[in-house]
Amino acid sequence: MNQTRVSKTIAVIEGDDAAPEVIQPTVELIDRMDLGITWTYPLVGEAAKAETGKSFPDVSRALIDQADTTLFGSTSGSSGSSLLYLRWGKKTFANVRPCLHLPGCSSPLANPEGIDFVIVRENLEDLYVGVEGQLADLAPLNLVGRTIRKPIHELGVGRFAIKAITREGSERVIRFAFELARTRDGQKRVTSTQKHNMLPVTDGYFLEIAREIATEYPDIEYETFIVDDFACRMIVQPQHFDVIVMPNLYGDILSDGAAGLVGSLGLAASGCYGEDYAYFEPAHGTAPDIAGKGIINPTATLLSACMMLKYLDFEDAATHLQEAIASVYAEGKRLTPDQGGTASTLDFCAATAERLNI
Ligand code: IPM
Ligand code: MN
C-alpha cells in the first residue's frame, strides 16, 4: 500500500431512467484506475422513500456531507430534493459547462475545429430563487412597470417570478470565471453576457460588477455582449470564446445550445463548485426515451468525471481519462448511435478502458 496516497470518498447518486447506465460504468472505470477512492451510495428518490419513507433522508445528506464530492446522475421528479441540496444546501454557486470539440465527434457545424470554451453559469440566483406568485398579491407594493407604465397588478389575472441578482452572488461567480481563465491555455478572455438593455437594474448590476472585477485582472481580456447577440455569436464564431460568465437562466439555456454546437447533450459535462464543496453531473437529463437500451452516450458523464478527478487533485488521472475519451472519438470505431456509431454504452467505456490499459 502506498503510504503517501490520500484517499478520497465520492458519493454516487445513480439517478433515474437511463442515468444509472452511464454512472455505473463511469464508477467502474475510475475504480479500475486504482486511485484508492472509496464510493458511498446515498439513497435518494423512490428507492429512499421505499426504505425510509423520505425521498431525501438525513443519512443520505450525511453521506454527501462526509464525501469529498458527489457524482450525480440526472434525476427526474422524486430525487429533486437531493439536487436542491447539492446546489443551494452546499452553495455550489458556479456551474462550469465546458464546450469542447473532440475531433471525430459529429457536429452540425461545418467547421467545429478548435471550439473550446467554458460557460460559467451563476447557479443559485436569478430566476432560480424560486419566488413566484399571483400578480394580484403585488397590489400593496403598487409596482409600476417601466414598459407597461401601469401598476403590475392592473395588468390582469396573471403571475410573476422574481429575478434576484445580488452583489455577493455576482462577484463570486464572476471572480471564479476570471480565475478559471487564468488557468486555461491560449487566449485568456472572459466574456460576460446579460440582458442589460432591458433589465438595467438587475442584469445591469451584473454587468457593472463584471466591469469592476475585470479591472482586477489586467492580464485577461474582458468583453461583454447582450445575451441575444451573444447567442448568435456563439453559433457563428464559437472559436472566439474562452470563458463566458452569465446569470443562471441564460446559462441553463445557452449551455444546452453550446452542447448542440459540438454534437449533442450526450457530450456535455458539468461541475458545480462552491467554496467548500463541488459536485459533478452530466448536463443532460435522464433520457427516458432510451432508458434500458444500453445505448446512452457516456461521454458527458465521463468528461464530468474528468472534472471531478481534477477537483480531487488527481490531475494525471483526469488528463489520461480525457485523452482516452478523445482517442476513442479520433478513431471513431466504437461510438454510440447519437454519434453515428453502433456501439453500446459499455462498448464505448471498454474502448476507453483499453486506451488506459486498465
Ligand atoms: C440543468 C438542468 C436543471 C436546471 C434542472 C433539472 C433543474 O436543466 O442542470 O441544467 O435547470 O438547472
Ligand atoms: Mn439545463
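A search of the whole structure, which is a predicted model, finds 17 salt bridges.

**Salt bridges across the chain**

R87 pairs with E281 in a salt bridge whose closest N and O atoms are 3.1 Å apart. This pair links distant parts of the chain: R87 belongs to helix α4 (residues 80-89), whereas E281 sits in the loop between β12 (278-280) and α9 (299-311), 194 residues apart. Both R87 and E281 are buried.

A second salt bridge joins the side chains of D126 and K163, at 2.8 Å from N to O. D126 and K163 are both buried.

The side chains of R189 and E221 also meet in a salt bridge, with an N to O distance of 3.2 Å. Because R189 lies in strand β8 and E221 in strand β9 (residues 221-226), the pair ties together parts that are 32 residues apart in sequence. The two partners fall into separate accessibility classes: R189 counts as buried at 11% relative accessibility, while E221 is partly exposed, with a relative accessible area of 41%.

| Salt bridge | N to O distance |
|---|---|
| R87 and E281 | 3.1 Å |
| D126 and K163 | 2.8 Å |
| R189 and E221 | 3.2 Å |

**The network at R184 and the end of α5**

D116, R184 and D242 are linked in a network of salt bridges. Within this group, the side chains of R184 and D242 are joined by a polar contact of 2.7 Å. R184 is located in the loop between α5 and β8 (189-194). Its relative accessible area is 15%, so R184 is buried; the cut-off for this class is under 20%.

R182 is placed in helix α5. With 36% relative accessibility, R182 counts as partly exposed. The C-alpha atom of R182 is separated by 9.1 Å from that of Y217, a residue 35 positions away along the chain.

The residues around ligand 1 are R87, R97, R121, Y128 and D252. By class, this shell has four charged residues, one nonpolar residue and no polar residues. R87, already described as a salt-bridge partner of E281, has a side-chain N or O atom 2.7 Å from an oxygen atom of ligand 1. For R121, a polar side-chain atom lies 2.7 Å from an oxygen atom of the ligand. A polar side-chain atom of Y128 is 2.5 Å from an oxygen atom of ligand 1. On its own, ligand 1 has 320 Å² of accessible area, of which the protein covers 62%.

**A nonpolar surface patch**

V129, V131 and I162 make a nonpolar surface patch of about 200 Å². I162 counts as partly exposed because its relative accessibility is 36%, whereas K163 is buried, as is D126.

Notes:
Residues numbered from 1 in each chain as written. Chains lettered and ligands numbered in written order. Predicted model: local features only at pLDDT ≥ 70, side-chain atom pairs only at ≥ 80, totals over all residues. Heavy atoms only, no water. Near = heavy atom within 4 Å. Polar contact = N/O pair within 3.5 Å; in protein donor to acceptor, adjacent residues only side chain to side chain. Areas by Shrake-Rupley, 256 points an atom, 1.4 Å probe, with all protein chains shown as cover. Nonpolar A, V, L, I, M, F, W, Y, C, P; charged D, E, K, R; others polar. Patch = residues over 30% accessible without salt bridge, like charges linked within 9 Å, V, L, I, M, F, W, Y side chains within 5 Å. Salt bridge = Lys/Arg side-chain N within 4 Å of Asp/Glu carboxyl O. Buried < 20%, exposed > 50% of the residue type's maximum accessible area, 1.4 Å probe, protein only. Helix = DSSP H or I, 4+ residues; strand = E, 2+ residues; numbered from the N terminus.
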